[in-house]
Amino acid sequence: MHWHQYWPESLLLFVVVALEGWNIYATSATTTPAVGAGWTPQRKLATRERIRELWYHGFDNYMTHAFPLDELTPLSCSGQGPDWANLNNIASNDVAGNFSLTLIDVLDTFVILDDRQGFATAVKNVVDSVSFDVNTRPQVFETTIRVLGGLLSGHIYANQTGQPFFLPWYRDELLVLAHDLGKRLLPAFSTPTGLPYARINLRHGLLRGETLETCTAGAGSLILEFATLSRLTGDDRFEKAAFKAFFALWNRKSDIGLVGNTINTWTGDWTPPEITGIGAGIDSFYEYALKWYIMSGESEFLDVWDDSYASIMRYSRATDGFWYRNVNMKNGDTAYYSVDSLSAFWPGLQVLAGDVQNAIKLHMMYYNLWRRHSGLPEVFDTNFKRATSFQYPLRPEFIESTWYLYRATRDPFYLEVGERILFDIITRSKVDCGLCGIQDLRTNKRDDRMESFALSETLKYLFLLFDEENPLHSDDSNYVFTTEGHILTLGRDNIKPVPPARRKLRKIVNHQCPAYEPYSEPHKLNGLVQGIRSRGDVEYSRELVGIQPSELDKTFWSADGWCEQPKVDLFTYDFILAPNGKVVPEDLSPSIVKIAPITEGYMINNASGVRTHIVKRLDGKGYDIRRLGHYVVRPGQIVFINDTTLFVDHSSNATLDDINVLRDPDVLLRFHTDIVDPLFDVVDAGSPADSKDAFVIGYTSFFGGDSSVRPPSAQQPLRLSHTEALPVYRVESNLLGCEPYEQSYQNSVLLTYRGDCTFLQKLLMARDAGAAAVLVVSDEDVGINPTASLDEVTEAGDVADVVLLVLTREAGNIVEEMFTMAEKQGLGQLMVSLDPEGRSETAESIQETDTAKASRILYLNGHPLLNTRLLV
């Protein structure tokens, strides 16, 4: 066929089909064709090599068409530096300083790629061609994270012996360049507050008329690079400047612990509209608080992270727990119902801090945003469920979080996410002369610019996602990735010793970094764990961004499945302590007689009117007290309670309500099968040893029968007692115990699970079925003492003869195993009784558990405060 005769018509047809096909692709929820296949080592390596090839496609074109300019312009196959024609073009001039930006920014990416020759060549090119004696006015923040950080990371690898990237000919040239650049940036800190100006001329210093306004991220995200520069050169001016700027921001936080987005460097006043969040303008301030603590061990930065994280989780986190709002920094009120692409870094930071479960939720929302747009739009309105800014300049934040979550969970779902990202970047951004950003995700209009972070971060994190054997994955040193993806670390010689005064105040710092527990379907006893896609809240995160389910999504649907309605407990709350649970006015300045600082923490001798600030623990085990009045309680410190007025005395004057408060927080339960004699512990011949009785802790409720009071003290005898064991039943059709039971369970004990209805409702359903007690297995490993209002208990009627006890998840697992063994091996009926007289001490001495110790801590609203100890 003679195609050349018809090429105009053929070309037109091709363009029409291509555009139509793109529109279908861009708006669909499809994933890459390979999704669902097994992730074998060969498949991971093949994907990794595709990323390597893509990275070199971008870098080689930069070196060919752009170097020594700052950035590649891939559509015009050229390069660009500062916009000399328009010096006010901050979008370009904030990062392009006429110093070969891209080359410096990618130095340590050669380390990730294991390209030793490429690293050596790049270092030599920087040494031979880069000078900072240039008449340009870049942003202090961007120059610090991209250029200073790149030089320092390159120096660390080039200078460190005993590793493959050591360069024998290297003589600290990169460090000399970094020192020179640091000195040129220092005049920006010449303000009364210590907050740096946003921009500075590298040759002439501060220019007349420089703006006084800067953002929190720009002024407060310098400590990693500046302090590392000081530690490596011995010139402490840089660390002092960055330290002062960081705490100049933190010390101006609002009363609810939030810092604003923009601030006046001269006056230190926050500038209107005083909005805060986790995204653009503020993001890396939190990141550097945590990461500098990891690098240096300086606990004041950990304190900033802990306090700021608690405030963000209280005020910025949406009520469903799946996204984070922009809020007013002074009162926490919602300002905007929108999220930006920069805040996609937050799940990765949460993983680094140990809060994996909350990281999974936010990441799922961003994943669905990516699926909907085949890229991540700059701004998305969660109220109207539509993007309001459709650019995607190849930002790395979402990919960074994907890498962190995969390393924490090892769930192949995140490999599928990475493969989808790679497919979209290749399809949408790869051109003959490099990689380009996307101006409009709807039409795929491309931008003639390859930002340096596309190579220094985006493809670096994507490569690491599939490079299982990368040495970084087995490096448990204090290294961190900066906000520009540069690897920084400090050797022992560069770590400052803890000052004696601080060591005296903070003898122990307890970290909460719980191991990830794979998702398993609640109430299923097959022992199988499932992936992220099988979570009950996956469909909610998809609906949140208005995306239709794909065929792959539907393959994970089940007739027995369900969609969870998100519920989020308060991350922090305040509580004013008072005698007997009464309401008293707050003591705004408790004296040392009330609260005494001691070596281990604090001693409360009189709790009346003391405001306690309570924060949820990341390990999910309960809460900690973080503040007592004006005192701050830090990790590792203990609050000792030495005030008897917090507890009601057993006396003739005690009211019925007071008696309820007096219930013991827990009782010891004894489980056995009916082939085991419960009194003599005699096992029938041939029965397995595991069929012996087991002791677990049950947490009492403050309504219903009081199992903590033994006869003859009890006002009426309980059917669940210390003398007679009762059969235990689990009703498969009503596992949550929220529906009426179809048959009678007279004088039996029902085993149910937490969820769908209140504890009181579960008790009422058990009562109506004639049961003597209901055991509720919690979804947490901490004890819960359920409560109900007086009106609710009054309306419920007589429940004095029915007991409700809560089992922790760990205790529930023990009971479930006994249940399963009794059913499968025909060992008889599972029975339960309150621990017989005289056996509790024996059981506790044999089985010393953390749960048993929990009775010595303070409970508020049923929640254990794990950093407390009761002395009364």
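This is a predicted model: local features need pLDDT of at least 70, side-chain atom pairs count only at pLDDT 80 or more; totals for chains, interfaces and linings use all residues.
Residues are numbered from 1 along each chain as its sequence is written, and side-chain values use heavy atoms, with hydrogens and water left out.

Let's begin with the whole chain. It holds 27 helices and 33 strands; both are DSSP runs numbered from the N terminus, helices being H or I with at least four residues and strands E with at least two. Of the 872 residues, 57% are buried, where buried means under 20% relative accessible area, exposed over 50%, and partly exposed in between, with a 1.4 Å probe and protein chains only. The accessible surface comes to about 37,800 Å², and 52% of that belongs to carbon and sulfur atoms; such areas come from the Shrake-Rupley method with a 1.4 Å probe, and for residues only the protein chains shown count as cover. Among contacts between residues at least 6 apart in sequence, 72% join residues at least 24 apart, a contact being heavy atoms within 4.5 Å.

Now step inside. The largest nonpolar core has 164 residues, and those with the most contacts inside it are Trp 305 and Trp 346. Such a core is a set of buried Ala, Val, Leu, Ile, Met, Phe, Trp, Tyr and Cys residues joined through side-chain atoms within 4.5 Å. Leaving aside neighbours within four places in sequence, Trp 305 is in contact with Tyr 286, Ala 289, Leu 290, Trp 346, Leu 349 and Ala 353. A second, separate core of 30 residues includes Val 728, Leu 805, Ala 811 and Met 818.

Have a look at Val 304 too, which sits in helix α13 (residues 299-316). Val 304 counts as buried because its relative accessibility is 2%. Not counting residues up to four places away, Val 304 touches Phe 246, Phe 247, Trp 250, Phe 285 and Ala 289.

Next comes a sheet. Four strands form an open sheet with mixed pairing, in the order β18-β19-β23-β33; two strands pair if DSSP finds at least two bridges between them. The edge strands, β18 (595-598) and β33 (868-870), each pair on one side only. Strands β18 and β19 (residues 601-604) run antiparallel and are joined by 4 bridges, and Ile 598 has Gly 601 in β19 as its bridge partner.

Finally, the structure has 2 disulfides, each a pair of cysteine sulfur atoms within 2.5 Å. One joins Cys 77 to Cys 433, S to S 1.9 Å, and links parts of the chain 356 residues apart. This link of Cys 77 and Cys 433 is right-handed, with 85 degrees about the S-S bond. Cys 77 counts as partly exposed because its relative accessibility is 32%, whereas Cys 433 is buried at 8%. In the other disulfide, the sulfur atoms of Cys 738 and Cys 757 are 2.0 Å apart. Cys 738 lies in the loop between β26 (726-729) and β27 (749-753) and Cys 757 in the loop between β27 and α23 (759-768), so the pair ties together parts 19 residues apart in sequence. The link of Cys 738 and Cys 757 is left-handed, with -85 degrees about the S-S bond, and both cysteines are buried.
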